Amino acid sequence: GKLPGVKVDIPVLTPKDIDDIQNFCCKNKMDYVAASFVQTGADVQFIRKILDEAGGQTVKIISKIENEEGLANFDDILKHTDGVMVARGDLGMEIPSEKVALA
């Protein structure tokens, strides 16, 4: 379930995600990859490294902000990502509803 205000201590990419990025996304020269539960700029840098290692230097990263941690680190994420999606429905479970519109 949802744990409001708790940093989700899961890697931004699972081993399967890494395999999909390197062996499908990069090999097929995709334009974008969208990453769920991005919480820090370091998460985006890690995704970039995984892409670059497989020849995906031109693949753009869209970071999905889904929790309070991602929102708190928004400026840092913005420095490294190519685009952002804000999951307001998920955030509505994480932060007080009156703050969702401001996200």
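1. Leu78 sits in helix α4, which spans residues 74-80. This is a predicted model, and in it Leu78 is partly exposed, at 43% relative accessible area. Its C-alpha atom is separated by 7.4 Å from that of Gly41, a residue 37 positions away along the chain.

2. Gly41 also belongs to helix α2 (41-53), and α2 is part of what covers the buried residues of helix α1; strand β1 (32-35) is included in that cover as well.

3. Which residues of α1 are buried? In this helix, residues 15-25, they are Ile21, Gln22 and Cys25. Viewed down the axis of α1, the buried residues fall within an arc of 120 degrees, so they line one face of the helix. An α-helix has 3.6 residues a turn, so residues three or four places apart point the same way.

4. The face of α1 turned away from that buried side carries Pro15 and Lys16, both exposed.

5. How many disulfides does the model contain? The count is zero. Cys25 is in no disulfide: the nearest cysteine sulfur belongs to Cys26 and lies 5.0 Å away. Likewise, Cys26 is in no disulfide, and its nearest cysteine sulfur is that of Cys25, at 5.0 Å.

Definitions and conventions
Residues numbered from 1 in each chain as written. Predicted model: local features only at pLDDT ≥ 70, side-chain atom pairs only at ≥ 80, totals over all residues. Heavy atoms only, no water. Disulfide = S-S within 2.5 Å. Buried < 20%, exposed > 50% of the residue type's maximum accessible area, 1.4 Å probe, protein only. Helix = DSSP H or I, 4+ residues; strand = E, 2+ residues; numbered from the N terminus. Arc of directions from axis to C-beta. Contact = heavy atoms within 4.5 Å.
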